[in-house]
Amino acid sequence: MPVDPPQPPVTPPETPRQDDGQGAVVAERKTAKTEPPPMYQVVMLNDDYTPMEFVVMVLQEYFKRDLETATQIMLKIHHEGRGVCGVYTKDVAATKVELVLAAARRAGHPLQCIMEAA
Ligand code: TYC
């Protein structure tokens, strides 16, 4: 394929330029290039055996909630059966579920934690 010789700048020198002086003009993109990633909520489920203090600790430790918010979320789960701990990208949500389940099993609690499309 024939290669075009370098072109002179099309903009007169006295006018404001957008290019790099080599004849190349950078076009501004009008639309977003990438979609935001799909998000997943990590949901904790109620049970009759896991201590409330353990659930609050999990919300603080793994979901970075302050004590008051963690307590509110725990009580919501306790009363309503389930509650959202946080919303994350797929890999982060999956890792949080694994870490929470591992911590619960280590401590001997039946706590359940799942992820679902947000
Ligand atoms: N229902 C539990 C109790 O009375 C407390 C609890 C809260 C357990 C939230 C799990 O995800 C949970 N000890």
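A nitrogen atom of the ligand is 2.9 Å from an N or O atom in the side chain of His78, a polar contact (a pair of N or O atoms within 3.5 Å; within protein, one must be able to donate a hydrogen and the other to accept it, and residues adjacent in sequence count only if both atoms are side-chain atoms). Taken alone, the ligand exposes 350 Å², and the protein buries 89% of that; accessible areas come from the Shrake-Rupley method with a 1.4 Å probe, and for residues only the protein chains shown count as cover. This is a predicted model, in which local features need pLDDT of at least 70 and side-chain atom pairs count only at pLDDT 80 or more, while totals for chains, interfaces and linings use all residues. Residues are numbered from 1 along each chain as its sequence is written, and side-chain values use heavy atoms, with hydrogens and water left out.

**Overall layout**

- The protein has 3 helices and 3 strands; helices (H or I, at least four residues) and strands (E, at least two) are DSSP runs, numbered from the N terminus.
- Along the sequence, these elements follow the pattern β-α-α-β-α-β.
- Of the 118 residues, 28% count as buried (buried means under 20% relative accessible area, exposed over 50%, partly exposed in between, with a 1.4 Å probe and protein chains only).

**Ligand surroundings**

- The residues around the ligand include Met44, Leu45, Thr50, His78 and Leu111; a residue counts as near a molecule or strand if one of its heavy atoms lies within 4 Å of it.
- A backbone N or O atom of Leu45 lies 2.8 Å from an oxygen atom of the ligand.
- For Thr50, a backbone N or O atom is 2.9 Å from a nitrogen atom of the ligand.

**Nonpolar core**

- The largest nonpolar core has 24 residues, of which Val42, Met44, Val58, Leu59, Phe63, Val100 and Leu111 touch the most other members.
- Such a core is a set of buried Ala, Val, Leu, Ile, Met, Phe, Trp, Tyr and Cys residues joined through side-chain atoms within 4.5 Å.
- At least two residues of this core come from each of strand E1 (39-45), helix H1 (52-63), helix H2 (67-80), E2 and helix H3 (90-107).
- H1 gives the largest share of this core, 7 residues.
- In soluble globular proteins, nonpolar side chains tend to be buried together.

**Salt bridges**

- The whole structure holds 2 salt bridges, each a side-chain nitrogen of Lys or Arg within 4 Å of a carboxyl oxygen of Asp or Glu.
- One joins the side chains of Lys76 and Glu80 (2.9 Å, N to O).
- Lys76 and Glu80 are separated by about one helical turn, because they are 4 residues apart in helix H2.
- Lys76 is partly exposed at 41% relative accessible area, whereas Glu80 is exposed at 55%.
- The side chains of Arg82 and Glu116 also meet in a salt bridge (2.5 Å, N to O).
- Arg82 lies in strand E2 and Glu116 in strand E3 (residues 112-117), so the pair ties together parts that are 34 residues apart in sequence.
- Arg82 is partly exposed at 35%, and Glu116 is partly exposed at 25%.

**Strand E2 and the surface**

- Met39, Val84 and Val87 make a nonpolar surface patch of about 210 Å².
- Patches are made of residues with over 30% relative accessible area and no salt bridge: like charges are joined within 9 Å, nonpolar side chains (Val, Leu, Ile, Met, Phe, Trp, Tyr) within 5 Å.
- Val84 is found in strand E2 (residues 82-89) and is partly exposed, at 35% relative accessibility.
- Thr89 also lies in strand E2 and, at 32%, counts as partly exposed.
- The C-alpha atoms of Thr89 and Met39 are 4.8 Å apart in space, although the two residues are 50 residues apart in sequence.
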